[in-house]
Number of protein chains: 2
Amino acid sequence: MKLNSSDQVRSDLDRLLPLFDAVYLRTFEAGEAPRLAEAICYSLRAGGKRVRPVLCMLAAECVGGSAEGALACGLALEYIHTYSLIHDDLPAMDDDDLRRGQPTSHKVFGEGQAILAGDGLLTEAFQVLATASSLAVERRVELVSLLAEAAGWRGMVGGQSLDLDGEILTRSGQSYGLDHLQLIHRLKTGALIRVSLEMGAVAAGADAAQRKTLREAGAAMGLAFQIQDDLLDETSTDEQMGKRVNKDQDRGKITYPKLLGVDGARRALAEATGQAVSLLSTLPHPESLIAWAHFMAERTS
Amino acid sequence: MKLNSSDQVRSDLDRLLPLFDAVYLRTFEAGEAPRLAEAICYSLRAGGKRVRPVLCMLAAECVGGSAEGALACGLALEYIHTYSLIHDDLPAMDDDDLRRGQPTSHKVFGEGQAILAGDGLLTEAFQVLATASSLAVERRVELVSLLAEAAGWRGMVGGQSLDLDGEILTRSGQSYGLDHLQLIHRLKTGALIRVSLEMGAVAAGADAAQRKTLREAGAAMGLAFQIQDDLLDETSTDEQMGKRVNKDQDRGKITYPKLLGVDGARRALAEATGQAVSLLSTLPHPESLIAWAHFMAERTS
């Protein structure tokens, strides 16, 4: 992600990433299954943007909590995100050879170990939350439940299933409309971004109203993120993105630009971003998250 | 599993399975991703033996707790077990077309949906524990952590990874010995059976000594289960097992009968069973678990 859109974003990253990176790989350093640990660390090290952990830590700060207090949530979110990329890249799913500019897990370790690396990361996400000693047990239980809801069959995994089904539909000459596209993305990418903000709120002990606001702002940011993803897939190059682009069109996938036109998609992006900003503005310390909302809408990779 | 070895086992099943079946599929009845829910329910309905939930509920009763109190643990264990079967059956893993006498998930729903069905079940296991309202939050957090440890990269997933690696080793003409075989099985099948008993202990509020005893008895029962599995793979038919047998030998996998001979493997089985029985005998109400230890060693499918 190019960091030209905001000094605020740059300074937040400079502050938060060292915190995150200090604990990020520690868990997987030793183990009795070295090949699996290697596969897990390969994907964790591949240099993701850490969008979800950063949003989670900023959400905690936004309501007066500390980034450190939300660190376990950030780890869990990044483990879930990384597992979902490993599984999505498999031949039976999106069949991608390249991710973040590097060969995908199954190209390096084989499909079997890649599936297991994803399974191991998914499982570890809940371990990190359950053992987050800086959080009261009531909060840990709530965080496990929130993350399982957002990542599971009612959330991200459900969205991925609908997306796979949708490809089959469109390949057979059928189609679907904006409502169904929105459902897919609300689940597939939206749920995890939304819950990143909500988990930050819970970790910080936000009250119910603040938590609801962060949840709704997160949902709007998740939608904006996906629209921008579709726009970038349509308008940028493989090199910029570190992965294959135009693949959605190549396989006849329905996207926001396809349904709304590029200009219509840009308007929808601006609207979702505006909604997020307006919600965030009601919170005690919203500057960083607002900068991120703009930044995510303007990103070029 | 043929139920000729013990009236105690039969009566425990008659008592516990209706409890379990009443809640078993309820979670997945509605959802926005119907194909995924269908794939999940297909595997859950395939009629597994419910060994892990039954052991968990009996472990709770064994130390004076109730089966109902351990029901959420039983569900979580069965979700994890079922997910692991779906993923293990995939072409990139054991490549099985048949499971419990029926076509495997990927044969019916395709590989992509099968991978997602596994991911959804794995995630839901932690949801069930986190929201188990009959258990204090301290216990729920502990159960999430125990299950994640046993099922994850340090446990079951790690064992599966070693097993995949081992096949590559033996196909390339190399080999490994009893120590490595024991490590694989301690992780791959042992960890989940061991933790079934330990989770029952935690759900029932067992003291530290009882919990340790159930943990160790569970480890011995897990080992016995695997040795018997290897023996059955060597000596029974596809029809008896509801899945392809002799497959371990076909692909040159190391097994207990191969390393120890059939008689040696039977002696090791008797020894592990004896160890479990001797540990269980020290607990308040051990009759049912002891009957299960014998039953699991004598099963014919």
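**Contacts, core and salt bridges**

User: What does L147(A) touch?
Analyst: Not counting residues up to four places away in sequence, L147(A) touches A76(A), L77(A), I80(A), A125(A), F126(A), L129(A), L192(A), V195(A) and M199(A). Contact means heavy atoms within 4.5 Å.

User: Before going on, where do these values come from?
Analyst: This is a predicted model, where local features need pLDDT of at least 70, side-chain atom pairs count only at pLDDT 80 or more, and totals for chains, interfaces and linings use all residues. Residues are numbered from 1 along each chain as its sequence is written, chains are lettered from A and ligands numbered from 1 in the order in which they are written, and side-chain values use heavy atoms, with hydrogens and water left out.

User: Which residues touch the most other members of the largest nonpolar core?
Analyst: L147(A), W292(A), L147(B) and W292(B) do, in a core of 216 residues. A nonpolar core is a set of buried Ala, Val, Leu, Ile, Met, Phe, Trp, Tyr and Cys residues joined through side-chain atoms within 4.5 Å. Buried means under 20% relative accessible area, exposed over 50%, and partly exposed in between (1.4 Å probe, protein chains only).

User: New topic. How many salt bridges are there over all chains?
Analyst: A search of the whole structure finds 28. A salt bridge is a side-chain nitrogen of Lys or Arg within 4 Å of a carboxyl oxygen of Asp or Glu.

User: What is the N to O distance between E142(A) and R211(A)?
Analyst: Their side chains meet in a salt bridge at 2.5 Å. The pair links distant parts of the chain, 69 residues apart: E142(A) is in helix 7 (residues 137-151) and R211(A) in helix 10 (residues 208-235), both of chain A. Helices (H or I, at least four residues) and strands (E, at least two) are DSSP runs, numbered from the N terminus.

User: Is E142(A) buried or partly exposed?
Analyst: E142(A) is partly exposed, because its relative accessible area is 32%. E198(A) also forms a salt bridge with R211(A), with the closest N and O atoms 3.1 Å apart. E198(A) is buried, at 3%.

User: And in chain B, where do R15(B) and D12(B) lie?
Analyst: Both lie in helix 1 (residues 7-24), three residues apart, about one turn of the helix. D12(B) is buried at 2% relative accessible area, whereas R15(B) counts as partly exposed at 39%.
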